[in-house]
Amino acid sequence: ECTACSAGRYSIDGGDSSCSNCPSGTYSNMSSTACTSCLEGTYSSSSSSTQCSYCTSGQFSSSSTESTSCTTSCGSGKYANNDTFSCDSCPGGHYASGSGNTVCTPCAAGRYA
């Protein structure tokens, strides 16, 4: 009787005598014939993953293929845009100081940016 590949492993060809580990940046479900790349905003840092993890707030992974980690926090004047999975500049009239920002703050009355 043939045994199904466990989650995190795959077998491409019929007649294989063993399953291969999915590489980091990918994952698989049980009985898979291929590994699936982690989506933007997620990552997998180890092989044989059964799922991808979400990036910490203020960080992102923009790679659409095999994300193995999240990019370090966005720098001053930028914020981590969770819609585009990138560091974007704050719009006019807003600022972000420090790093790891997830939003920009509006300038107070009498000030501008």
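How many nonpolar, polar and charged residues does the lining of the largest pocket have, by class? In this predicted model, that lining has four nonpolar, nine polar and two charged residues.

**Figure 1. The protein chain as a whole, with ten strands and zero helices.**
Read along the sequence, the chain follows the pattern β-β-β-β-β-β-β-β-β-β. The radius of gyration of the protein chain is 20 Å, well over the 13 Å that the globule rule gives for 113 residues, so the chain is more spread out than a compact globule. Along its principal axes, the C-alpha trace spans about 75 × 15 × 15 Å. Of the 113 residues, 27% count as buried, and the chain exposes about 7,000 Å², of which carbon and sulfur atoms supply 46%. When contacts between residues at least 6 apart in sequence are considered, 28% of them join residues at least 24 apart.

**Figure 2. The largest pocket, with a volume of about 240 Å³.**
Of the 15 residues that line this pocket, the closest to its centre are Thr3, Cys5, Ser11, Asp16 and Cys19. Taken by class, the lining of the largest pocket comprises nine polar residues, together with four nonpolar and two charged ones.

**Figure 3. Gly8, a buried residue in the segment before β1.**
Gly8 lies ahead of the strand β1, which covers residues 9–10. The relative accessible area of Gly8 is 0%, and because buried means under 20%, Gly8 counts as buried. Leaving aside residues up to four places away in sequence, Gly8 touches Ser20, Asn21, Cys22, Ser28, Ser48, Ser49 and Thr50. One of these residues, Cys22, is 14 residues from Gly8 along the chain, and the C-alpha atoms of Gly8 and Cys22 are separated by 5.7 Å.

**Figure 4. Ser31, a residue with positive phi in the loop between β3 and β4.**
The loop that holds Ser31 runs between β3 (26–27) and β4 (36–37). Phi of Ser31 is about 65 degrees, a positive value although Ser31 is not a glycine. With a relative accessible area of 48%, Ser31 is partly exposed, since this class falls between the 20% limit for buried and the 50% limit for exposed.

**Figure 5. Ser48, a residue with positive phi in the loop between β5 and β6.**
Phi of Ser48 is near 65 degrees, which is a positive value in a residue other than glycine. Ser48 counts as partly exposed, at 28% relative accessibility. Ser48 also belongs to the view of Gly8, as it is among the residues that Gly8 touches.

**Figure 6. Ser73, a partly exposed residue in the loop between β6 and β7.**
The loop that holds Ser73 lies between β6 (53–54) and β7 (78–81), and Ser73 counts as partly exposed at 31% relative accessibility. Which residues does Ser73 touch, not counting residues up to four places away in sequence? They are Gly58, Gln59, Ser99 and Gly100. The view may also take in Gly98, which is 25 residues from Ser73 in sequence and 9.6 Å from Ser73 in space, C-alpha to C-alpha.

Conventions: Residues are numbered from 1 along each chain as its sequence is written. This is a predicted model: local features need pLDDT of at least 70, side-chain atom pairs count only at pLDDT 80 or more; totals for chains, interfaces and linings use all residues. Side-chain values use heavy atoms; hydrogens and water are left out. Helices (H or I, at least four residues) and strands (E, at least two) are DSSP runs, numbered from the N terminus. The radius of gyration is taken over C-alpha atoms; the globule rule is 2.2 Å times the number of residues to the power 0.38. Buried means under 20% relative accessible area, exposed over 50%, partly exposed in between (1.4 Å probe, protein chains only). Contact means heavy atoms within 4.5 Å. Accessible areas come from the Shrake-Rupley method with a 1.4 Å probe; for residues, only the protein chains shown count as cover. On a 1 Å grid over the protein atoms alone, a cavity is a set of points where a 1.4 Å probe fits but cannot get out, and a pocket is an open set with protein on both sides within 12 Å along at least five of seven lines; lining residues have an atom within 4 Å of a point. Grid points are joined across faces, edges and corners, and a volume is the space filled by probe spheres set on the points. Ala, Val, Leu, Ile, Met, Phe, Trp, Tyr, Cys and Pro count as nonpolar, Asp, Glu, Lys and Arg as charged, and the others, Gly among them, as polar.
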